[in-house]
Amino acid sequence: MDVDHALAEVGSFGYYQKKLLFLFITPVTIFNAIQICQLVLTGAQPDFSCQLSKFDIRPGYCGTETHRCPKYVYNNNFTSIATEWDLVCGSAYLIGLATTYTMAGILLGAPFAGWAADRFGRLRIFAPMMALTVIFTLLSPFTRSYYQFVSVRFVIGFLIGGESLVSFVLTTEFLGAKYRAFASIVLSASFAIGLMIYALVGYFIRDWRTLSLVVTLPGILFLLYYRLLLESPAWLNEQLTIVPSSKITTNHNLFDLFRYKSLRKITLVQCYIWCVNGCVYYGLTMSAGGLGRNIYISLCLSGLVEIPSYFIASYLLSRLGRRLTLNSFMLLGGAACAVMLFLPKDHENVEVGFALLGKMSISASFAVIYVQAAELYPTVIRNLAIGMCSMSARIGGMAAPMIASLGMVHHNLQFLVFGVMTVGGGLLGFLLEETLNRPLPDSIKELTLENEQELRPMDKVKLIQEAIEDENDIEMVI
């Protein structure tokens, strides 16, 4: 009996699954959302003036190439790393670079954790990475230089990239097929709730160090009850499968994702779609301050508009399927972003409306790709595959600050780039198979046998030989 059938027998969404989803993984996701997007407030650009002398103060003046401003005076009622280390004018790019460092950490952490969790187990990787995440996020507000700060942010990104990936896969593998989409929507909504909570706390706490510390302290609670978690039944089942003992040590790597045509097509399309979603989602989130005059309200709205998109996605996932739902949201979001280039500058409310529509659509598609990827890949390589997809999303996230800066070249030019990328991803998504109500494949062999027509002749012979050997030499491995 495979894991899906076993879960159907004992309960696909019982007491433990509910506790895992709502009491642990959801709070962890809220915590991660705040940490990933922390620079929206702690890196906020202030209004500034240049104080050339006691009586000569020039608003927004940066100086010249030969005579830089000797002292900046900030006019806002908040502090940030920009006010702390004078990251304005020619140094303003360092704020976006700090975000890039965080995404670079996630980029490396996701595939590492994916490989390690497939090899050693989901829980053995998640627990230590979660503990280290809390420790390093507590160190962040005590850094004393920009370079210390970005170094810590890189490590935080690495750890969050790993533990968030493993926590999602762990949750997915504990749930029956009909509840996986619901879980993905809950976790995506949790990310949006994290943004709104962060905006609310930031409204009352205007000092960036105090704000960073306050939103991090709740993470200590995760260290107290992670022992209540259980190892993934899908991973344990794979270790206890009846197979020849000589083959139990088989290790999988990234090359397995490209070995067969079916997996290669899935991986290439998924990587592009994830890259686009990561780039556009974080690009729009980091630009939240530009949606209005109040950065806290803008950030809260940016999170708030995501909530209805997840419920709409949840409704459509079980009716239209994964593929059509994902592609429709990407096409709609891409069109909304692209249109913004052609809007007059004085139509601010219309711009905000299209930006929020784009954010709603890309948020929904970001939730759906997690469900789709988890159902496309077999258990033995699922963590590694989703880790690679997540790595692609972080490459997109790293590019987001640079693309967002195109707005300084031409009004709303960045939104045209976001739109074209997203429409392209929506069209490519039609190349993938529908996975609605399909049991999770456990092995690469199982997936490739379903697509046997795509195998090379020698691969077919090899699979047949392995099947014959399995029948003649089978023993239980514990």
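**Entry 1: a helix pair.** I am working with a predicted model. I looked up H8 and H14 first, and they are roughly antiparallel to each other, because their axes cross at roughly 165 degrees and anything over 145 counts as such. H8 covers residues 177-204 and H14 covers residues 295-304, and their axes come within 7 Å. I noted the crossing of H8 past H14 as left-handed.

Next I asked which residues meet there. From H8 I listed Ala192, Leu195, Met196, Tyr198, Ala199, Gly202 and Tyr203; from H14 come Tyr296, Leu299, Cys300, Gly303 and Leu304. Sorted by class, this contact has 10 nonpolar and 2 polar residues, with no charged ones.

**Entry 2: Gln17.** I found Gln17 in helix H2, which spans residues 15-36. Is Gln17 buried or exposed? Its relative accessibility is 8%, so I put Gln17 down as buried, the cut-off being under 20%.

I then checked what surrounds Gln17. Setting aside neighbours within four places in sequence, I have Gln17 in contact with Leu7, Gly11, Ser12, Phe174 and Leu175. I also jotted down Thr171: it sits 154 residues from Gln17 along the chain, yet their C-alpha atoms are separated by 7.8 Å.

**Entry 3: the whole protein.** Stepping back, I counted 20 helices and 3 strands. Of the 478 residues, 53% are buried. Among contacts with a separation of 6 or more, 82% join residues 24 or more positions apart. The accessible surface comes to about 21000 Å², and carbon and sulfur atoms hold 65% of that.

Notes: Residues are numbered from 1 along each chain as its sequence is written. This is a predicted model: local features need pLDDT of at least 70, side-chain atom pairs count only at pLDDT 80 or more; totals for chains, interfaces and linings use all residues. Side-chain values use heavy atoms; hydrogens and water are left out. Helices (H or I, at least four residues) and strands (E, at least two) are DSSP runs, numbered from the N terminus. Buried means under 20% relative accessible area, exposed over 50%, partly exposed in between (1.4 Å probe, protein chains only). Contact means heavy atoms within 4.5 Å. Accessible areas come from the Shrake-Rupley method with a 1.4 Å probe; for residues, only the protein chains shown count as cover. Axes are lines fitted to C-alpha atoms, for helices over the stretch in contact, and angles run from 0 to 180 degrees between N-to-C directions. Angles under 35 degrees count as roughly parallel, over 145 as roughly antiparallel, 65 to 115 as roughly perpendicular and the rest as oblique. A crossing is left-handed if the near helix is turned anticlockwise from the far one by less than a right angle, and right-handed if clockwise. Ala, Val, Leu, Ile, Met, Phe, Trp, Tyr, Cys and Pro count as nonpolar, Asp, Glu, Lys and Arg as charged, and the others, Gly among them, as polar.
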